Amino acid sequence: MFEAMATQLSGDEAMRWTVGVDLLPDSRGALEFVAWLHARGAVGANEVGGLCVLEEGTFFTVRGEARLRVEAGVRETLAGLADASSAAEALGELDARIAGPVYAALEEYAREEHAVLVIGRQAQRGETGLVRLGKVARRLLRSLPVPIAVIPPDLGSEEIADGPVLVAVDVADESAQALAFARRYAAKVGRPVRLVHVLPTVSEVGLEYLSPARSAELRHEYAQQARAAFEQFVADNELGDLPVSLLPGPVIESLLEVAKAEKACTIVCGSRKLGLAGRVLSASIGSELAATASIPVIVVPPDWRERI
């Protein structure tokens, strides 16, 4: 399955990008990422479009000619911001719309453009506040209309490292889509791909009733089984040509440690597209990475090849 996807999705195929921008500093990192894509040859001049959404009802309640004047004024402001940014050469037309809610307008726009959507997040690198993604980024990662690239707002293009594209994989189907995307993306930016698999750990519930020796034995057996399952997964999908980092959990912390050690340029992961109930029971790895990583994180929907 993986080999077939890699064959079909070579680096020669077009990969479209678009950016969600606003008039606040949150968009700076997203524009810097676009500049980096351009410097790596992944996008050409004037190839990346963008959209700024002014939320109707909350921000504006204008109609008719006044609405058109507001949108035109914002477009003019955006053009000035684009010309002053490091992404000026890569950016094409930046549109402005009064619509609501913002995430819904961006979803529609990304689907129309058939492009990877680049957005900023609220928290700067290293910040640990309760609100890190922001409402719009959180909702977009939940719906995942297209692959979503989330960029820290204070990340500069020159700060993106020259290491590999890390792909967080497990033995589930969503990893197939993430890896296919990552291979195509890595070919575009001229970086290698590295698989990262965090071994699941045995539940500690009930182990306290066993002897320390037996508890240790069960943990070892479980780890060996998890390792064997992943090795079989790699063999079945003919992934032996890719370097692998295989390490114990916890998942988010381990992935971020590997990214730092390898000087990764990007983390790519799949998504199970958990609903609200699923998120209560199990945190979304993609959302958590996007909220905490100091580098770009791209979250890939399980059906992305049907959309891009």
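Are F181 and Y185 buried or exposed? I opened the notebook with that pair, and both F181 and Y185 turned out to be buried. I keep in mind throughout that this is a predicted model.

**Entry 1: the ring pair**

I looked up where the two residues sit. F181 and Y185 both belong to helix 6, residues 174-189. They are four residues apart there, so about one helical turn separates them.

Next I counted aromatic pairs and got five. For F181 and Y185, the ring centres are 6.2 Å apart and the planes meet at 15 degrees, so this pair is stacked.

**Entry 2: the cores**

Which residues have the most contacts inside the largest nonpolar core? I found W17, F33, L37, L91 and Y185. That core has 52 residues. I noted a second, separate core of 38 residues, with L255, C269, V297 and V299 among its members.

Leaving aside residues up to four places away in sequence, W17 touches F33, L37, V43, E47, V48, G49, A115, V116, V118, Y185 and I298.

**Entry 3: the whole chain**

I stepped back to the overall count. The protein chain holds 10 helices and 10 strands. Its 308 residues are 49% buried. I also checked contacts between residues at least 6 apart in sequence: 81% of them join residues at least 24 apart.

In what order do the strands of the open sheet lie? I read 3-2-1-4-5-10-9-6-7-8, 10 strands with mixed pairing. Strand 3 and strand 8 (244-248) are the edges, each pairing on one side only. Neighbouring strands are turned by 25 degrees against each other on average, direction ignored.

Helix 6 came up again here. Helix 6 packs on the sheet and touches strands 1, 4, 6, 7, 9 (266-270) and 10 (297-300). The direction of helix 6 makes about 175 degrees with that of strand 6.

**Entry 4: strand 6**

I zoomed in on strand 6, residues 165-168. Four bridges join strand 6 to strand 7 (residues 193-199), and the two run parallel. Across that pairing, V167 stands opposite L195. Strand 6 is also joined to strand 9 by four bridges, again parallel. On that side, L166 has I267 as its bridge partner.

Then I checked the side chains. V165 and V167 point one way from strand 6, L166 and A168 point the other way, and all are buried.

**Entry 5: helix 2**

How many of the 12 residues of helix 2 are buried? I counted nine, so helix 2 is largely enclosed by the rest of the structure. The buried ones are G29, A30, L31, E32, F33, V34, A35, W36 and L37. Helix 2 covers residues 28-39 and reaches 17 Å from its first C-alpha to its last, close to the expected 16 Å. After helix 2 comes G41, whose phi is positive, near 80 degrees.

I listed its buried residues as V102, Y103, A105, L106, E107, Y109 and A110. They pack against strand 1 (17-21), strand 2 (48-55), strand 3 (91-99), strand 4 (116-120) and helix 5 (135-143). Just after helix 4, H114 takes a positive phi of about 50 degrees.

From there I moved to L117, in strand 4. Why does L117 count as buried? Its relative accessible area is 0%, and the cut-off for buried is under 20%. I listed what L117 touches beyond four places in sequence: T18, V19, G20, L106, A110, L140, V146, P147, I148 and A149. L106 and A110 are among the buried residues of helix 4. L106 and L117 are 11 residues apart along the chain, and their C-alpha atoms are separated by 8.5 Å.

Methods. Residues numbered from 1 in each chain as written. Predicted model: local features only at pLDDT ≥ 70, side-chain atom pairs only at ≥ 80, totals over all residues. Heavy atoms only, no water. Core = buried A, V, L, I, M, F, W, Y, C linked by side-chain atoms within 4.5 Å. Buried < 20%, exposed > 50% of the residue type's maximum accessible area, 1.4 Å probe, protein only. Contact = heavy atoms within 4.5 Å. Phe/Tyr/Trp six-rings, centres within 6.5 Å; stacked < 30°, edge-to-face > 60°. Pairing = 2+ DSSP bridges. Axes fitted to C-alpha atoms, helices over the stretch in contact; angles between N-to-C directions. Expected span 1.5 Å × (residues − 1).
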